[in-house]
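Here is a short note for someone opening this entry for the opening look. Please read it with the structure beside you.

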Amino acid sequence: MLKSHICNRVLRAPTAFRAVRAVSSYTLPNIHLLEELNVNKQDFKGLFSHSTYNQLWFQRGEKLIEELNELLIENQVNPPNNLNELISLTINKPQLQKIYSNSSLLFNLQFFLEGLKEANETYEFQQLNEGEIFRNPDITEVSSNIPQNEAFKDWLSASFGSITEFKNLLLNSAKAIKGDGTTWLVAQPNVSESSLKSNFTGLFNESNEPKYTKLSVMNTYNAGVVDDSIRSGQLFKLQQQKKAKLVMEQEKEGTQVKQTPETENYLGTVEEAEFTHSFSDKKIIPLLAVDASLRNYLLDYGVFGKQQYLENVWNCVNWSVVEQRLPPRFIANFTIE
Amino acid sequence: MKIQSQAATVLERTSAYLKSGLLKNKPVWFDVVANHPPDRDLTRVPKTLLNSSYQDPMNRVKGNKTRLSDQELRTKNNKAHRIPKLKFVEDELRNLFYKRHPWEFSRPKVLIENEGNDNTQCDWSHMVQFNKPLDGESVVQRTMWLLKNSNRDLFESYDQARFEFYRLRMEEEMQSAVSREESGMFGAVFPTTNLQHGVQQEQVFVDDWAVLAAEKTTARRATAISKTAESKDATKSIFEEGEERSV
């Protein structure tokens, strides 16, 4: 019964970003597994207790949707069908910031929950104590809930070294998030959007479509979105503003530090290099989300339970959904970074 | 009582005193020394002076001997005095670990301890410690704990400790990278890194020095040029003379 259910969901999953629109407002999308569990008031086996997923999805999701609808009316925005479109429409408009953050939080939450299945083994929920800090890391190779698709496994190994290394990177990234945030497995194209638009890459890339060469892990914080091509330039602007502000303040105080002129020998800082490399305007496709926010584990696992929660999330990842989300892999004979 | 110079005979003398009744009770060390008597006379006797004073004046070597030779001064049987080398497995593990992980040396380490017994506050049934950062020493101590408290042999214990260390180090590095990124996203600006700041501080002095150095260099060059001009004149005259001669 459950199995066929999952299969149904998988078929629809690739176009999963729909928060259903009725006339000019959104309603909470339907996640079949959660709906079914909620009817029988069952626990999400191996990950959440009934009250937790009820709070996480049904209550919080409902609240986000309500707020979003109110804001849309208030700001007289005509909502598009697709939540993704709404995000890219509002991301660069400060006056619509609340609409943006509500829609992106909703998108992230939905994406995370849709990528989960029930674990094979039950887990007894308990508030873990401070002994968790001293827990010795498991040094064995990952054996539970590994993806079955050979092509996908191969791509993972090519990008991260091995499945174990991938799991380690994913869970470490999630564990390191201090506040609200999500860790993503994403597919990264070889070239940026802007270079696709300027015809330069037409030499190598006839269709002018981004080609996906490697998988990577990234974090977003609060209501952040994965896709670089729509958020590109935001951080750069922010940094420029901050720097200008700093200089103005120093001028006022008369404590301005003499800037050394950039000569031709100037190598640039690590930050600058990182900046141009990491935020490089690429159309990134999300494949798997791991929500590492406190609200996800505080109720069932306690303050010290983050590691255990993340281990459990790994056991609940529905790899068949992730495989459905995969773009076609492009294996280049040579790479241009 | 005559002052006794021969410390090695202390046992004989004490037993004689006991026999004669001069000492009534056996000293506490008596049995111990009797069981483990000193196997050699540890007192050093200035032999040659004794010899020379009682030697037959006819057989005496030419001139009086006033000091001992190097050979005679050299400590004989110095193995008895040498402090034995202390050997620990921990040291070998430390050597091995730091040889394989040389970059671990580049991490700063606090060597000051208040009581000198910080290690006793650690519980090595786990790798993470409250009062000690993760480093090579953690691997050594954890290996020793595993060796004593689990069925693993030395190599297995070391590998277990080492891989636990790798996992924790990866986690630690990710923590710092993410908090940096996180604060960047919340608006933090890192105008200069620590290294860059150092270079900037240094640059102020380098600039001053550059001006000074330029002056001195021009001055030195000027003197050097005038000197070469003089010497050129001198060589020229020699050559001219030579030419004249050859002609």
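The numbered points below go from confidence to contacts, then to helices and strands.

1. Ground rules. This is a predicted model, in which local features need pLDDT of at least 70, side-chain atom pairs count only at pLDDT 80 or more, and totals for chains, interfaces and linings use all residues. Residues are numbered from 1 along each chain as its sequence is written, while chains are lettered from A and ligands numbered from 1 in the order in which they are written.

2. Confidence overall. The predictor assigns the complex an ipTM of 0.80 and a pTM of 0.71. pLDDT is the predictor's confidence in each residue, from 0 to 100. Chain A has an average pLDDT of 82, with 78% of the residues at 70 or above. Chain B also averages 82, and 80% of its residues score at least 70.

3. Two residues are in contact if their C-beta atoms, placed from the backbone, lie within 7 Å. Helices (H or I, at least four residues) and strands (E, at least two) are DSSP runs, numbered from the N terminus.

4. Chain A against chain B. How many residues does each chain bring to the contact? Chain A brings 22 residues and chain B brings 24. On the chain A side, two or more residues come from each of helix H7 (163-176), strand E4 (212-221), helix H10 (234-253) and helix H11 (270-278). H7(A) gives the most, with 5 residues. By class, this side of chain A has 9 nonpolar, 8 polar and 5 charged residues. Ala, Val, Leu, Ile, Met, Phe, Trp, Tyr, Cys and Pro count as nonpolar, Asp, Glu, Lys and Arg as charged, and the others, Gly among them, as polar.

5. Domains of chain A. Domain 1 covers 2-114, and domain 2 covers 145-232 + 273-325. The bounds come from an automatic or database domain assignment. In chain A, 20 residues of domain 1 touch 21 residues of domain 2. On the domain 1 side, helix H3 (50-74), helix H4 (83-90) and helix H5 (97-114) of chain A each supply at least two residues. H5(A) gives the most, with 8 residues. The domain 1 side divides into 12 nonpolar, 7 polar and 1 charged.

6. A helix pair. In chain A, the axes of helix H12 (residues 294-301) and helix H13 (residues 306-316) come within 9 Å and cross at roughly 105°. H12(A) is therefore roughly perpendicular to H13(A) (65 to 115 degrees). Axes are lines fitted to C-alpha atoms, for helices over the stretch in contact, and angles run from 0 to 180 degrees between N-to-C directions. Asn296(A), Tyr297(A) and Tyr301(A) of H12(A) meet Lys306(A), Gln308(A) and Tyr309(A) of H13(A).

7. A sheet in chain A. Three strands form an open sheet in the order E4-E3-E5, with antiparallel pairing. E4 and strand E5 (285-291) are at the edges with a single partner strand each, so one side of each has no neighbour in the sheet. Strand E3 (residues 181-189) of chain A pairs with E4(A) over 9 bridges; pairing takes at least two bridges found by DSSP. Val186(A) has Ser216(A) as its bridge partner in E4(A).

Technical notes. Parallel < 35°, antiparallel > 145°, perpendicular 65-115°, else oblique.
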